[in-house]
Amino acid sequence: MAEPQQDMRDEPAELVLKVRIQSPKENDFIEVELNRQELSYQNLLQVSCCELGINPDQVEKIRKLPNTLLRKDKDILRLRDLQEVELILMKTGSSQLIEYTPSLIEKPCYNSNAAKMTY
């Protein structure tokens, strides 16, 4: 007896993206997981900001690197695993937001012992 064909693609339940804040000081990415059933611009914004420790109101734009602005839900649905996304923060009269951007060393999840290890 033949196996029934599956219409659904065998994709994992989560989309993993590499996300960072646009910053001259920090260029490291973090990986964030998004539920494929809940992919939307707002969900990407909320999860990324939560993981990076910033307020969503500070984000001016979201860019898929190297040079594509993400503007709507359809754009988010086209993303693939491990694509690089950058949050561009709003500019103010001072460099207050750039100074606010936490580096990995300042975050409580940073393991200073691991940083001193050599391979």
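Start by colouring the whole chain by pLDDT, the predictor's confidence in each residue from 0 to 100: the protein averages 81, and 69% of the residues score at least 70. This is a predicted model, so to speak a computed picture, in which local features need pLDDT of at least 70 and side-chain atom pairs count only at pLDDT 80 or more, while totals for chains, interfaces and linings use all residues. Residues are numbered from 1 along each chain as its sequence is written, and side-chain values use heavy atoms, with hydrogens and water left out.

**Best and worst spots**

Select residues 68-70, strand S4: confidence is highest here, at a mean of 97. Now jump to helix H3, residues 96-100, where confidence is lowest, at 48. (Helices are DSSP runs of H or I with at least four residues, strands are runs of E with at least two, and both are numbered from the N terminus.) Over residues 94-99 pLDDT stays under 50. Where pLDDT is low, the predicted coordinates should not be read in detail.

**Helix H1**

Next, pick residues 41-52. Helix H1 has 12 residues and reaches 16 Å from first C-alpha to last, close to the expected 16 Å, which is 1.5 Å times one less than the number of residues. Show side chains: Tyr41, Leu44 and Cys49 are among the buried residues of H1, buried being under 20% relative accessible area with a 1.4 Å probe, protein chains only (exposed is over 50%, partly exposed in between). The buried residues of H1 pack against S1, S2 (30-35), S3, S4, H2 and S5. Just after H1, stop at glycine 53, which takes a positive phi of about 75°.

Select residues 84-89. In strand S5, 5 of 6 residues are buried.

**Last stop: aspartate 75**

Zoom in on helix H2, residues 73-77, where aspartate 75 lies. Is aspartate 75 buried or exposed? Aspartate 75 counts as buried because its relative accessibility is 8%. Aspartate 75 touches Leu69 and Leu70, leaving aside residues up to four places away in sequence; contact means heavy atoms within 4.5 Å. Finally, draw a distance to serine 40, 35 residues apart along the chain: the C-alpha atoms are separated by 8.6 Å.
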